[in-house]
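Thanks for coming. I will take one structure and go through it piece by piece, so please keep the picture in view while I talk.

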Amino acid sequence: IEVFNFREIIVPSSTQNVFVFNAYFTNLTVKKEVITNPVVINKTVDFNITVTNTGECNLTSVWINETGFSKGLEYDSFKSIFNWTYDAKNKLWYLNETLGIGKTADIILTFNVTESGKMQNNVSVGLSNYTFGNDTVDFTVYVPNMTVEKISLTPEVEVGNPASFLIRVTNTGECVLTNTNV
């Protein structure tokens, strides 16, 4: 999109008109990344979206659209230090401030994860009625799981005597488990 500003200078005592043209190139880019690692079923996943004004003028009415996401992802919430608002009907987030030349605005979107497997999430960025671009992330949703087995190391125990056990914990899921308690 190019923005043109026209001005006409008319001098009453002259018959010559001078036109001054200023043309501005308008452009936006968007970058999306998964910031939750690993992504596991029945938890949430956070996506960071960065919108950058790569054009030649300040921009208002900037929006992002988050409708291209896999089955098994359900929108939950957003957070940002920038002034974004969410239009649930149209699935649009609007930046309610001016995005200066070369400046960025970030937003983190949180989704509930209800299915496992290969997933995809797409975001588009635009201004007014024009879409400038999009970015897609592919990621895997894992199913965590473990088994716990208690094995007696003392086959016969008399009352009042100690008994020994082996506790065996096995990761039977699809991802590394951390901070587990038995």
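Ile64 sits opposite Trp93, and Trp93 belongs to strand β9. This is a predicted model, so please keep that in mind for everything I say.

How many strands form the open sheet, and in what order? There are six, in the order β4-β12-β11-β6-β9-β8, and the pairing is mixed. At the edges stand β4 (39–40) and β8 (84–87). Each of these has a single partner strand, so one side of each is left without a neighbour in the sheet.

Next, the aromatic rings. A pair of aromatic rings is described by the distance of the centres and the angle of the planes. A search of the whole structure finds eight aromatic pairs. One of them is Tyr75 with Tyr86, at 4.7 Å centre to centre with 45° between the planes, which counts as tilted. Tyr75 is in strand β7, residues 73–79, while Tyr86 is in strand β8, so that the pair links distant parts of the chain, eleven residues apart.

Then charge. Side chains of opposite charge can pair when their charged atoms come close. Three salt bridges are counted here. Among them is the one between Glu66 and Lys32, where the closest N and O atoms are 2.4 Å apart.

Two backbone details come next. Which residues are joined by a cis peptide bond? Asn37 and Pro38 are, with omega at about -5°. Pro38 is in the loop between β3 and β4. The other detail is Asn42, which has a positive phi of about 65° although it is not a glycine. Asn42 is in the loop between β4 and β5.

Now to a later part of the chain. Thr154 is in the loop between β13 and β14. Leaving aside neighbours within four places in sequence, what is Thr154 in contact with? Ala163 and Ser164. The side chain of Thr154 reaches the backbone nitrogen of Ser164 at 3.0 Å. Thr154 and Phe165 are eleven residues apart in sequence, and their C-alpha atoms are 7.3 Å apart in space.

Phe165 takes us to the last item, the surface. Val148, Phe165, Ile167, Val169 and Val182 make a nonpolar surface patch of about 460 Å². Which strand gives the largest share of the nonpolar patch? Strand β14, residues 165–171, with three residues. Val148 is in strand β13, residues 146–152.

That is the end of my list. I can go back to any part of the picture.

Definitions and conventions: Residues are numbered from 1 along each chain as its sequence is written. This is a predicted model: local features need pLDDT of at least 70, side-chain atom pairs count only at pLDDT 80 or more; totals for chains, interfaces and linings use all residues. Side-chain values use heavy atoms; hydrogens and water are left out. Patches are made of residues with over 30% relative accessible area and no salt bridge: like charges are joined within 9 Å, nonpolar side chains (Val, Leu, Ile, Met, Phe, Trp, Tyr) within 5 Å. Accessible areas come from the Shrake-Rupley method with a 1.4 Å probe; for residues, only the protein chains shown count as cover. A salt bridge is a side-chain nitrogen of Lys or Arg within 4 Å of a carboxyl oxygen of Asp or Glu. Helices (H or I, at least four residues) and strands (E, at least two) are DSSP runs, numbered from the N terminus. Two strands pair if DSSP finds at least two bridges between them. Contact means heavy atoms within 4.5 Å. A polar contact is a pair of N or O atoms within 3.5 Å; within protein, one must be able to donate a hydrogen and the other to accept it, and residues adjacent in sequence count only if both atoms are side-chain atoms. Rings of Phe, Tyr and Trp (its six-membered ring) pair if their centres lie within 6.5 Å; planes under 30 degrees apart count as stacked, over 60 as edge-to-face and the rest as tilted.
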